[in-house]
Amino acid sequence: MRLLGNILWLILGGLFLALGWAVIGIILCITIIGIPLGLQAFKMAQLTLTPFGRHVDYGGGLGSLLLNIIWIIVAGLWMAIGYVLAGLANCITIIGIPFGIQSFKMAKLALMPFGAVIS
């Protein structure tokens with residue numbers, strides 16, 4: 001099921017989303033200040049490429065918490081809202097429910113990427 005879900009995900013737009021995240025990560029890594037943000041964009045690209053069968057473990061300490069607060073204020077809230085809306089749109093049909101669940105997983109990562117590990 002994971003393989004089929006990931007193939008359908010890639011065909012239906014996941015590849016373009018992952019490439020978009022990768023380009024954003026490259027642009028952010030141009031400056032020294034943007035490198036931590038660029039690494040988080042690469043993390044999003046990795047999960048967006050093949051979300052089925054992957055789990056996100058959240059952890060980290062005070063540093064991750066502070067960076068997540070800054071991330072939420074700067075961009076994370078709007079990205080998470082976009083993923084939640086996409087997840088709700090996917091969940092309208094029974095066939096789209098697995099894709100909606102993956103969108104909700106990505107919404108949580110988009111909201112708080114620092115300290116998260118994708119396995």
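Colleague: Which residues of H2 are buried?

Modeller: A general point about helices comes first. An α-helix has 3.6 residues a turn, so residues three or four places apart point the same way. In this predicted model, the buried residues of H2 are Gly38, Gln40, Ala41, Lys43, Met44, Ala45, Leu47 and Thr48.

Colleague: What length should helix H2 span, and what does the model show?

Modeller: Helix H2 comprises 15 residues, 35–49, and at 1.5 Å a residue these should span 21 Å. The C-alpha atoms at its ends are 21 Å apart, which agrees with that expectation.

Colleague: At what angle do H2 and H4 pack?

Modeller: Two packed helices are described by the angle between their axes and the distance between the axes. For H2 and H4 the angle is about 175°, and the axes lie 11 Å apart. Because angles over 145 degrees count as roughly antiparallel, H2 is roughly antiparallel to H4.

Colleague: Let us turn to a single residue. Is serine 103 buried or exposed?

Modeller: Serine 103, which lies in helix H4, has a relative accessibility of 3% and therefore counts as buried; the cut-off for buried is under 20%.

Colleague: With which residues is serine 103 in contact, leaving aside its neighbours within four places in sequence?

Modeller: Serine 103 is then in contact with Trp9, Tyr83, Ala86, Gly87 and Asn90.

Colleague: How many helices and strands does the chain have?

Modeller: The chain has 4 helices and 2 strands, and from the N terminus on their order is α-α-β-α-α-β. The radius of gyration is 14 Å, close to the 14 Å that the globule rule gives for 119 residues, so the chain is as compact as a globular protein of that length. The C-alpha trace spans about 40 × 25 × 25 Å along its principal axes.

Colleague: What share of the residues of the chain count as buried?

Modeller: Of the 119 residues, 34% count as buried. The accessible surface comes to about 7000 Å², and 82% of that surface belongs to carbon and sulfur atoms.

Colleague: How should the contacts along the sequence be read?

Modeller: Among contacts between residues at least 6 apart in sequence, 71% join residues at least 24 apart.

Methods: Residues numbered from 1 in each chain as written. Predicted model: local features only at pLDDT ≥ 70, side-chain atom pairs only at ≥ 80, totals over all residues. Heavy atoms only, no water. Expected span 1.5 Å × (residues − 1). Buried < 20%, exposed > 50% of the residue type's maximum accessible area, 1.4 Å probe, protein only. Contact = heavy atoms within 4.5 Å. Rg over C-alpha atoms; globule rule 2.2 N^0.38 Å. Areas by Shrake-Rupley, 256 points an atom, 1.4 Å probe, with all protein chains shown as cover. Axes fitted to C-alpha atoms, helices over the stretch in contact; angles between N-to-C directions. Parallel < 35°, antiparallel > 145°, perpendicular 65-115°, else oblique.
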